[in-house]
Amino acid sequence: QLPLAGSRLCLYEDGTELTESYFRALPPQTELVLLGPGESWRGCASDIERLLAAFCSQQGAVVEAARRLLTDERAPHRQKLLADLIHNLSENILAENKEDDKKWFEGLESRFKNKSSYLRHSCESRMRGYMREVSGFISNVHPAAQDAYRGIIDLMADKLKSVKYNGCYFDRREEEEAARLCTTEGWFSCQGPFDRDDCPCKHSINPYSNRESRILFSTWNLDHIIEKKRAVVPELAEAVKTRDGREVNWEYFYQLLFTLDNLKLVHIACHKKTNHNLSCDKTRIYRKRKQTYEIS
């Protein structure tokens with residue numbers, strides 16, 4: 001029923017238009033799409049787009065139907081599937097402000113008016129906690145080196161204040177800064193254990209989606225690859241003690257303690273609690289002094 005002129009044959013998978021020679025080279029059972037004049041096909045993604053569009057337009061009806069099924073369903077596995085379906089359909093990922101997703105803010109202080117501000121505050125709180133640990137270690141520093149150690153603490157504190165305690169890492173509106181941890185949609189992926197490129201369980205979460213995900217995200221950890229308590233802070237104290245006129249490279253220690261250079265976001269099950277057996281780079285503990293030359 002299609003006119004011969006202007007009609008085209010394409011691969012169902014990706015929409016590639018077929019020539020006669022390409023057609024002859026295709027393996028058996030290859031799925032094809034026949035297009036009439038003016039029609040286009042961009043691959044099976046087009047089918048998915050149409051499915052999602054239809055699904056979203058009837059989302060309320062789907063949720064209601066799932067709830068009715070759940071009240072009569074007794075098989076545990078099917079109950080879990082229906083509950084997960086309702087949970088996922090109830091997500092409101094794109095909502096940012098409190099008035100657009102009031103349930104997300106239940107249990108939080110009234111001062112938080114949008115989701116990013118709360119998650120930014122959570123990150124800042126973690127960084128402040130790390131700073132307190134570094135400050136509290138001063139009692140373990142040699143008395144003769146405590147003033148120098150205190151001076152480095154002050155430098156680190158000023159640096160943290162200047163970057164707002166790195167809260168932008170969890171603010172989806174700060175796209176350039178947050179890109180290394182999440183997308184602009186707010187998805188976070190587990191990066192642990194520390195000696196793997198990817199989480200073996202493929203943990204991921206979007207704390208912006210709903211209240212339950214926001215609460216669950218609070219159990220995820222920021223894992224220091226070179227450990228804070230076992231390696232970084234003791235090495236800093238030792239560097240101050242044995243500096244012998246050299247200048248401690250406090251910015252290197254700052255990077256290890258407070259930045260993504262040494263921090264990975266991990267699901268609690270992937271947080272390696274045992275000794276990582278990693279140490280600071282000895283070549284970076286002290287600054288290289290600039291050479292000066294006298295002109296005679």
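Here, contact means heavy atoms within 4.5 Å. With that in hand, let's look around this structure, which is a predicted model.

**Helix α9 and what covers it**

- Helix α9 has 14 residues, and from its first C-alpha to its last it reaches 18 Å. That is close to the 20 Å expected at 1.5 Å a residue.
- Which residues of α9 are buried? They are K228, A231, V232, V233, E235, L236, A237, A239 and V240.
- So what sits over those buried residues of α9? The cover includes helices α5, α6 (146-162) and α10, along with strand β5 (221-224).

**A buried cysteine, C199**

- You'll find C199 in the loop between β3 (188-189) and β4 (204-205).
- Is C199 buried or exposed? C199 counts as buried because its relative accessibility is 3%, and the cut-off for buried is under 20%.
- If you skip residues up to four places away in sequence, C199 touches C190, G192 and C270.
- Now look for V266: C199 and V266 are 67 residues apart in sequence, yet their C-alphas are 8.2 Å apart in space.

**Salt bridges**

- How many salt bridges are there in the model? The count comes to 10, and a few of them are worth a visit.
- R8 pairs up with E17, and the closest N and O atoms of this salt bridge are 3.5 Å apart. R8 is partly exposed, with a relative accessible area of 22%, and E17 is partly exposed too, at 46%.
- D101 forms a salt bridge with K115, where the closest N and O atoms are 3.0 Å apart. D101 lies in the loop between α4 (76-89) and α5 (115-136), while K115 is in helix α5, so this pair ties together parts that are 14 residues apart in sequence. Both D101 and K115 are buried.
- The side chains of E227 and R230 also meet in a salt bridge, at 2.3 Å from N to O. E227 is buried, with a relative accessible area of 9%, whereas R230 is partly exposed at 48%.
- There's a network as well: salt bridges that share partners join E247, E251 and R287 into one.

**Two residues with a positive phi**

- Some background first: most residues other than glycine have a negative phi.
- D244 goes against that pattern, with a positive phi of about 50° although it is not a glycine. Where is D244 found? Look in the loop between α9 (228-241) and α10 (250-258).
- Why does D244 count as exposed? Its relative accessibility is 73%, and exposed means over 50%.
- N277 is another non-glycine residue with a positive phi, this time of about 55°. N277 sits in the segment after β6 (263-266).
- N277 is exposed as well, with a relative accessible area of 66%.

Notes. Residues numbered from 1 in each chain as written. Predicted model: local features only at pLDDT ≥ 70, side-chain atom pairs only at ≥ 80, totals over all residues. Heavy atoms only, no water. Helix = DSSP H or I, 4+ residues; strand = E, 2+ residues; numbered from the N terminus. Buried < 20%, exposed > 50% of the residue type's maximum accessible area, 1.4 Å probe, protein only. Salt bridge = Lys/Arg side-chain N within 4 Å of Asp/Glu carboxyl O. Expected span 1.5 Å × (residues − 1).
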